[in-house]
Amino acid sequence: MVRNPERRAALVDAAIEVLARDGARGLTFRAVDTAAGVPHGTASNYFASRDDLLAQVTAQIHQRIAPDPDEVTAVMAAPPSRALVVELMGWINRRVTENRTGYLAMLELRLEATRRPELRAELTRAIRATLDDDIRFHLESGLPGDRTAVVLIYLAMTGLMLEQLTLPGVVPDEETEGLISALVDRAIGPEGEK
């Protein structure tokens, strides 16, 4: 396999674009080459198989959709409160819109994982590690709510993301802010409640 890390990263980014646009069935080496603007046959020099390409996409996609650490630091400058949790969930929701391609590709990976046990195992490990990091971040930051509340919020926000990415008319944008606030209230309780 060829060892040009920049070219490999460009091919993986192109694969994410193809996955979001054409779905898992459209993810071919030829489609990735075209999306990356490289000669046909290039991707096959970098990835041993389609499964190898999917594994690389799985590893890269979390970096692509992860928030900028400086932005996290800026948001977390506020004191821990229910209002900050609502702000964080709203921020996550806006990031889905801003990086629609990355999140659509993640949904495609999840669907493909239902048919590929190796991908399912790898993606499960990656998502579980992310959720564990989110729980740890929440608790160590002193934000209100326990582990169960964080998991409930995660599951509800995942559902909201799914609706917004696939059928945006189901939950109109103008209702989202109120729903997120209600979600936080129900998961951790209203401000001032202990």
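Which residues lie nearest the centre of the second largest pocket? Exercise 2 gives the solution.

This is a predicted model, where local features need pLDDT of at least 70 and side-chain atom pairs count only at pLDDT 80 or more, while totals for chains, interfaces and linings use all residues. Residues are numbered from 1 along each chain as its sequence is written, and side-chain values use heavy atoms, with hydrogens and water left out.

**Exercise 1. Describe how helices α1 and α2 pack.**

Step 1. Locate the helices. α1 spans residues 5–22 and α2 spans residues 29–36. (Helices are DSSP runs of H or I with at least four residues, numbered from the N terminus.)

Step 2. Take the axes. They come within 8 Å and cross at roughly 110°. (Axes are lines fitted to C-alpha atoms over the stretch in contact; angles run from 0 to 180 degrees between N-to-C directions.)

Step 3. Classify the angle. α1 and α2 are therefore roughly perpendicular. (That class covers 65 to 115 degrees; under 35 is roughly parallel, over 145 roughly antiparallel, the rest oblique.)

Step 4. List the contacts (heavy atoms within 4.5 Å). A10, L11, A14, A15 and V18 in α1 meet A31, V32, D33, A35 and A36 in α2. Nine of these residues are nonpolar, none is polar and one is charged. (Ala, Val, Leu, Ile, Met, Phe, Trp, Tyr, Cys and Pro count as nonpolar; Asp, Glu, Lys and Arg as charged; the others, Gly among them, as polar.)

**Exercise 2. Describe the second largest pocket.**

Step 1. Know the term. On a 1 Å grid over the protein atoms alone, a pocket is an open set of points with protein on both sides within 12 Å along at least five of seven lines; lining residues have an atom within 4 Å of a point.

Step 2. State the volume: about 290 Å³. (Volume is the space filled by probe spheres set on the points, which are joined across faces, edges and corners.)

Step 3. Find the lining. It has 14 residues, and N93, R94, T97, Q164 and T176 lie nearest the centre. α6 gives the largest share, seven residues.

Step 4. Sort by class. Four are nonpolar, five polar and five charged.

**Exercise 3. Find what links R82 to D185.**

Step 1. Search the whole structure. It holds nine salt bridges. (Each is a side-chain nitrogen of Lys or Arg within 4 Å of a carboxyl oxygen of Asp or Glu.)

Step 2. Check the pair. R82 and D185 form a salt bridge, 2.3 Å from N to O.

Step 3. Place the residues. R82 is in α6 and D185 in α10, so the pair ties together parts 103 residues apart in sequence.

Technical notes
Helices (H or I, at least four residues) and strands (E, at least two) are DSSP runs, numbered from the N terminus. On a 1 Å grid over the protein atoms alone, a cavity is a set of points where a 1.4 Å probe fits but cannot get out, and a pocket is an open set with protein on both sides within 12 Å along at least five of seven lines; lining residues have an atom within 4 Å of a point.
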